[in-house]
Amino acid sequence: MNKIFFIPFTFVSFFLFAQSRNIGFNTATSSATLDVVSKNNTSTTKALEINDSSSSELMKVINTGNVGINIGTSTPTALLHVNSAGVLNIRHENLPGLSSPAYTPPFNKLGVDASGNSAIMPVTVKYLYYQQLSKYPATYSLSNNTGGFSLYDPNQYINIPIINDAGLKGNSAGFTFGTDTSATVNGQSVSNVKYIVIPEPGVYSFEAWGSVRCNRYNNTQNYSFSGQININTVFATASGSTYTSNSVSRGIITAGRDDSGNATNTAYSFSNAQILMHTLQTTVPNQKVALFLQYVSGEPNQLTHDECFLNIPTGGDTSYYIIITKS
């Protein structure tokens, strides 16, 4: 009876002692619950070693502070030296998905060099390049100068589409494409808006170029042009199908010019490039953006018959192009 009582009493006493006192190895003044001091100060002296049931080393901490895992009897040569041969060295499970500002884009990829040292891998340039090799819109008829768009109403927005067709020369940024059959731009109704979606937050540079031309309607109108038309190239971001100007670039197209920019007696041809340079910082994923042309002023109430289009100038091969790069 006495033996049965004595064993649990001794165990409880030891447990209470361990909970209330620090334990030190190779030190009389332990400074933590478990304080292990290395016996020597060489670069190979082990302060801690953990072995498996076959006495093979699993992990070690040497005097320099380097930690070795699965490296056998070798000395760890880095702050954390892991041998991944035949094992899964690191596994993350159930990591949380972070939203801004918990992270700061853009991100760099962590890799290793040939010696196994950590290195930052080169970041692939992310871009989109779209080139329209035909006149736009395709419905424009060169025989009667109809089927394009009009340039006389500042409340009308003409979409410049970026689409996933043969004109898409590169898309390493992973942009996606879509169409809003019904939308508004700065409060004005517009149909069939071709847009792109920017999947990843970051800073993007946009460059857009296009050549605008207007010919006299049905080759019968004798316009008396006074000189020029002011046009905006509008870069708009969207919430749902509601687009709002983010940047506007003003351009001028001059009357009495042919596709080469030379003066002509048939004063109905406009051929000046519309150019937009813009930088956009997105802070949310999947940001929708689109481009538009907008009439501002000049030659009032003249080009009302959809006789304008984006043309290919003489010697050129493109009616418009759009380049987007991620900084």
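Here is a chat about a predicted model, taken one feature at a time.

Q: Hi! Let's start with the backbone. Which two residues does the cis peptide bond join?
A: The cis bond runs between Tyr136 and Pro137, with omega at about 0°. Most peptide bonds are trans.

Q: Where is Pro137?
A: Pro137 is in the loop between β9 (127–132) and β10 (157–160).

Q: Where does Ser55 sit? And is Ser55 buried or exposed?
A: Ser55 belongs to the loop between β3 (46–51) and β4 (57–62). Its relative accessibility is 61%, so Ser55 counts as exposed.

Q: What is phi for Asn192?
A: Asn192 also isn't a glycine, and its phi is positive, at about 50°. You'll find Asn192 in strand β13 (residues 188–198). With a relative accessible area of 46%, Asn192 is partly exposed.

Q: Which residues line the largest cavity?
A: The lining is made of Ile160, Ala208, Trp209, Gly210, Thr233, Gln274, Leu293, Leu310, Tyr320, Tyr321 and Ile322.

Q: Which strands each supply at least two residues of that lining?
A: That would be β14 (202–214) and β20 (320–326).

Q: How many of the lining residues are nonpolar, polar or charged?
A: Eight are nonpolar, three are polar and none is charged.

Q: Okay, rings next. How many aromatic pairs are there in the whole structure?
A: A search of the whole structure turns up nine aromatic pairs. One of them joins Tyr129 and Tyr321 edge-to-face, with 6.5 Å centre to centre and 70° between the planes.

Q: Which strands hold Tyr129 and Tyr321?
A: Tyr129 is in strand β9 and Tyr321 in strand β20, so this pair ties together parts that are 192 residues apart in sequence. Tyr129 is partly exposed, at 25% relative accessibility.

Q: What are the distance and angle for Tyr157 and Phe292?
A: Tyr157 and Phe292 also form an edge-to-face pair, 6.3 Å centre to centre with 85° between the planes. Tyr157 lies in strand β10 and Phe292 in strand β18 (residues 287–297), so the pair links parts that are 135 residues apart in sequence.

Q: Are those two buried or exposed?
A: Tyr157 counts as buried at 11% relative accessibility. Phe292 is buried too, with a relative accessible area of 0%.

Q: Which residues form an aromatic cluster with Tyr129?
A: Trp209 and Tyr321 form one aromatic cluster with Tyr129. Trp209 and Tyr321 are also among the residues that line the largest cavity.

Q: And which ring does the charged end of Lys288 sit over?
A: The ring of Tyr195, with the charged end of Lys288 4.2 Å from the ring centre.

Q: Back to β18. Why is β18 described as largely enclosed by the rest of the structure?
A: Because nine of its eleven residues are buried.

Q: How many bridges join β18 to β10?
A: Four bridges join them, and the two strands run antiparallel. In this pairing, Ile158 stands opposite Leu293 of β18. Leu293 is also one of the residues lining the largest cavity.

Q: What about β13 and β18, how many bridges there?
A: β13 pairs with β18 over three bridges, in the antiparallel sense. Ile198 has Gln287 in β18 as its bridge partner.

Q: And strand β15, how many bridges with β18?
A: Strand β15 (residues 228–239) and β18 share nine bridges, again in the antiparallel sense. Here Val234 is the bridge partner of Phe292 in β18.

Q: Last one: where is Pro300?
A: Pro300 is in the loop between β18 and β19 (308–310). At 58% relative accessibility, Pro300 counts as exposed.

Q: How far apart are Pro300 and Asp153 in space?
A: They are 8.6 Å apart, C-alpha to C-alpha, while in sequence Pro300 and Asp153 are 147 residues apart.

Technical notes:
Residues numbered from 1 in each chain as written. Predicted model: local features only at pLDDT ≥ 70, side-chain atom pairs only at ≥ 80, totals over all residues. Heavy atoms only, no water. Buried < 20%, exposed > 50% of the residue type's maximum accessible area, 1.4 Å probe, protein only. 1 Å grid on protein atoms, 1.4 Å probe; cavity = no way out; pocket = protein on both sides within 12 Å on 5 of 7 lines; lining within 4 Å. Nonpolar A, V, L, I, M, F, W, Y, C, P; charged D, E, K, R; others polar. Phe/Tyr/Trp six-rings, centres within 6.5 Å; stacked < 30°, edge-to-face > 60°. Lys NZ or Arg CZ within 6 Å of the ring centre and 35° of its normal. Pairing = 2+ DSSP bridges.
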